Amino acid sequence: MDVSLAGWLVVAVALAAANLPFANERLFGCIPLPSSGKASLQAGQARTKSFFVRLLELLVLYFIVGALAWLLESTIGNVFAQGWEFYAITGCLFLVLAFPGFVLRYLRKRR
């Protein structure tokens, strides 16, 4: 795989993964949350994820994308050692990539 293609692949996967927690009410897009009682089960209401659960999901997805990036880097050549600065910058970048999903979930006016 070409280095440029691997870089763009990681950016595209990071963009999709960063917005996934805000796009639906399932964990990681596939695991349904248990309902909180019989009344909500009978009414057909889906349980909504709390903001804390969304942040935890975002953190797990950050490490999954990091593992994918490390795997692609190891197939291309030597893996470079990274310091804390690298993880601080990529974590902030992952949060910036999650901003569109956050805006659509929490800041958009619903009519």
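## Burial and confidence

Of the protein's 111 residues, 20% count as buried, where buried is under 20% relative accessible area, exposed is over 50%, and partly exposed is in between (1.4 Å probe, protein chains only). This is a predicted model, in which local features need pLDDT of at least 70, side-chain atom pairs count only at pLDDT 80 or more, and totals for chains, interfaces and linings use all residues. Residues are numbered from 1 along each chain as its sequence is written, and side-chain values use heavy atoms, with hydrogens and water left out.

The mean pLDDT (the predictor's confidence in each residue, from 0 to 100) is 86 for the protein, and 88% of its residues reach 70 or more.

## Fold

The secondary structure consists of 5 helices and 0 strands; helices (H or I, at least four residues) and strands (E, at least two) are DSSP runs, numbered from the N terminus. Along the sequence the pattern reads α-α-α-α-α.

Contact means heavy atoms within 4.5 Å. Of the contacts with a separation of 6 or more, 77% are between residues 24 or more positions apart.

## Nonpolar core

The largest nonpolar core holds 14 residues, and those with the most contacts inside it are Ala14, Ala17, Ala18, Leu58, Val65, Phe94 and Ala98. Such a core is a set of buried Ala, Val, Leu, Ile, Met, Phe, Trp, Tyr and Cys residues joined through side-chain atoms within 4.5 Å.

Helix H1 (3-23), helix H3 (51-76) and helix H4 (84-97) each give two or more residues to this core. The largest share, 6 residues, comes from H1. Not counting residues up to four places away in sequence, Ala17 touches Leu61, Val65 and Phe94.

## Largest pocket

The largest pocket contains about 700 Å³ of space. On a 1 Å grid over the protein atoms alone, a pocket is an open set of points where a 1.4 Å probe fits, with protein on both sides within 12 Å along at least five of seven lines; lining residues have an atom within 4 Å of a point. Grid points are joined across faces, edges and corners, and a volume is the space filled by probe spheres set on the points.

The lining of this pocket has 26 residues, of which Val10, Gly66, Ala69, Phe86 and Thr90 lie nearest the centre. H1, H3 and H4 are the elements that give two or more residues to the lining, and H3 gives the most, with 9 residues. By type, the lining divides into 19 nonpolar, 6 polar and 1 charged; Ala, Val, Leu, Ile, Met, Phe, Trp, Tyr, Cys and Pro count as nonpolar, Asp, Glu, Lys and Arg as charged, and the others, Gly among them, as polar.

## Two partly exposed residues

Glu73 is found in helix H3 and has a relative accessible area of 25%, so Glu73 is partly exposed. Leaving aside neighbours within four places in sequence, Glu73 is in contact with Asn78, Val79 and Phe80. Glu73 and Val3 are 70 residues apart in sequence and 8.3 Å apart in space, C-alpha to C-alpha.

Gly29 lies in the loop between H1 and H2. Gly29 counts as partly exposed because its relative accessibility is 31%. With neighbours within four places in sequence left aside, Gly29 is in contact with Leu20, Asn24 and Glu57. Gly29 and Ala17 are 12 residues apart in sequence and 9.8 Å apart in space, C-alpha to C-alpha.
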